[in-house]
Each structure stands twice: as C-alpha cells, then as structure tokens.
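Colleague: I am new to this structure and would like to go through it with you step by step. Could you put the sequence and the model up before I ask about them?

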Amino acid sequence: MAENCRRFALWNVCSSCSVWFNEFGVDGGPAAKALEPKFNTVVANISTRTGLVVPHIELKHVIGAMIALKGLGGLLFILSSSLGAYLLLLHLIFITPIVHDFYNYDIESAEFVPLFTKFAQNCALVGALLFFLAMKNSIPKRQSNRKKAPKPKTN
C-alpha cells in the first residue's frame, strides 16, 4: 500500500513539473502570466505596509525556482529524504500565500471558495511535511560502531 502511495506521489510531482517545464519557454510560460498579477499585488502590499522597496524579480526565475523546488523536493521526498521535505516546505511556504490569495476577495465572490480550499489544502500539506520531519527526527539512529557489552553470567 505504501509503495502505491509513493508511486502516485512521484507520478503527481513529475507530471506537474514536466508540464511546467515544457510550457516554460522564454518568458516563463502560462504559469508566469497567471502568477504576474498576484505577484505584483503581493509586492505592492509589502512595499506599502513595510515601506521596503522590493527589487525587481523576473517571474521566469520564480517559476524556474518553483519547478526546481517541487521537482527535486518531490523526488527526494519519495526517497524518504528530509532534504526533500524541507525543499517542499520551502516551496509551499513561499508560494501558497501568493497563488491562493483568498484574502484579496470578498466572501461572496466566486473566486473565494476555490482559493480558500486550495490554501487550506496546502496548509494541510505543510502540516503533513512537518509531521514527517518530526517522525523522521524522533527515530533514533542505530549506532553500529558501538558494541554492546556482554551481560555477566549469573549462576
């Protein structure tokens, strides 16, 4: 059963990354066009609320980083690597509030519910990755170099 879950997760990660990669093109592809207004809104909010000037960032670099984090992180996570879980966490933490910006819409609007649902789903994925990392770190590592002292025989 666990092997089937790993295969499905690997297929899901590889298929989404391959679609993004094939559509990437010179300008970042359709993903960059869809992300541009949301990314500009986040940059404007950061500049307005904090007074910091956000440097210009090419969206094709952001999309390339998303592909790399999700692809490499997914492959390493399938192999039970903590590094893969950290890469996926990094991807989700930075991308989720930008892509699923339900807070910019009114509750009655048609966009609110799907965006909030995806946001909540990504929050659950962050929780699952944190749980994986906690379980991975709680398992004691075997120490093969230490030999157990033989127990003295009692008669």
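Colleague: Is Phe-102 buried or exposed?

Modeller: This is a predicted model, in which local features need pLDDT of at least 70 and side-chain atom pairs count only at pLDDT 80 or more, while totals for chains, interfaces and linings use all residues. Residues are numbered from 1 along each chain as its sequence is written, and side-chain values use heavy atoms, with hydrogens and water left out. Buried means under 20% relative accessible area, exposed over 50% and partly exposed in between, with a 1.4 Å probe and protein chains only. The relative accessible area of Phe-102 is 16%, so Phe-102 is buried.

Colleague: How many helices and strands are there in the protein?

Modeller: Helices (H or I, at least four residues) and strands (E, at least two) are DSSP runs, numbered from the N terminus. Along the sequence the pattern reads α-α-α-α-α. The count for the protein is therefore 5 helices and 0 strands.

Colleague: How many aromatic pairs does a search of the whole structure find, and what kind of pair do Phe-102 and Tyr-103 form?

Modeller: Rings of Phe, Tyr and Trp (its six-membered ring) pair if their centres lie within 6.5 Å, and planes under 30 degrees apart count as stacked, over 60 as edge-to-face and the rest as tilted. The search of the whole structure finds 6 aromatic pairs. In one of them, the ring centres of Phe-102 and Tyr-103 are 5.6 Å apart and their planes are at 70 degrees, so the pair is edge-to-face.

Colleague: Where in the chain are Phe-102 and Phe-112, and how many residues apart are they?

Modeller: Phe-102 and Phe-112 also form an edge-to-face aromatic pair, with 5.8 Å from centre to centre and 75 degrees between the planes. The pair links distant parts of the chain, with Phe-102 in the loop between H4 and H5 and Phe-112 in helix H5, at a separation of 10 residues.

Colleague: Which residue forms a salt bridge with Asp-101?

Modeller: A salt bridge is a side-chain nitrogen of Lys or Arg within 4 Å of a carboxyl oxygen of Asp or Glu, and a search of the whole structure finds 1 salt bridge. It links distant parts of the chain, 63 residues apart, from Asp-101 in the loop between H4 and H5 to helix H2 (residues 29-50). The closest N and O atoms are 3.2 Å apart, and the partner of Asp-101 is Lys-38.

Colleague: Which residues does Ile-98 touch, not counting residues up to four places away in sequence?

Modeller: Ile-98 has its place in helix H4 and is buried, with a relative accessible area of 13%. Ile-98 and Val-42 are 56 residues apart in sequence and 6.7 Å apart in space, C-alpha to C-alpha. With contact meaning heavy atoms within 4.5 Å, Ile-98 touches Leu-35, Lys-38, Phe-39, Val-42 and Tyr-103.

Colleague: With which residues is Asn-122 in contact, leaving aside its neighbours within four places in sequence?

Modeller: Asn-122 is in helix H5 (residues 112-138), and it counts as buried at 13% relative accessibility. Leaving those neighbours aside, Asn-122 is in contact with Leu-92, Thr-96 and His-100.

Colleague: Where does UniProt place the feature "transmembrane region"?

Modeller: UniProt positions are given in the numbering used here, feature names are shortened, and annotations may be inferred rather than shown by experiment. In the model, residues 75-99 are 88% helix and 0% strand, with end C-alpha atoms 23 Å apart, while residues 119-139 are 95% helix and 0% strand, with end C-alpha atoms 31 Å apart. The unreviewed UniProt entry places the "transmembrane region" at residues 75-99 and 119-139.

Colleague: What is phi of Ser-80 near?

Modeller: Ser-80 is found in the loop between helix H3 (59-78) and H4, and it is partly exposed, with a relative accessible area of 21%. Its phi is a positive value in a residue other than glycine, near 65 degrees.
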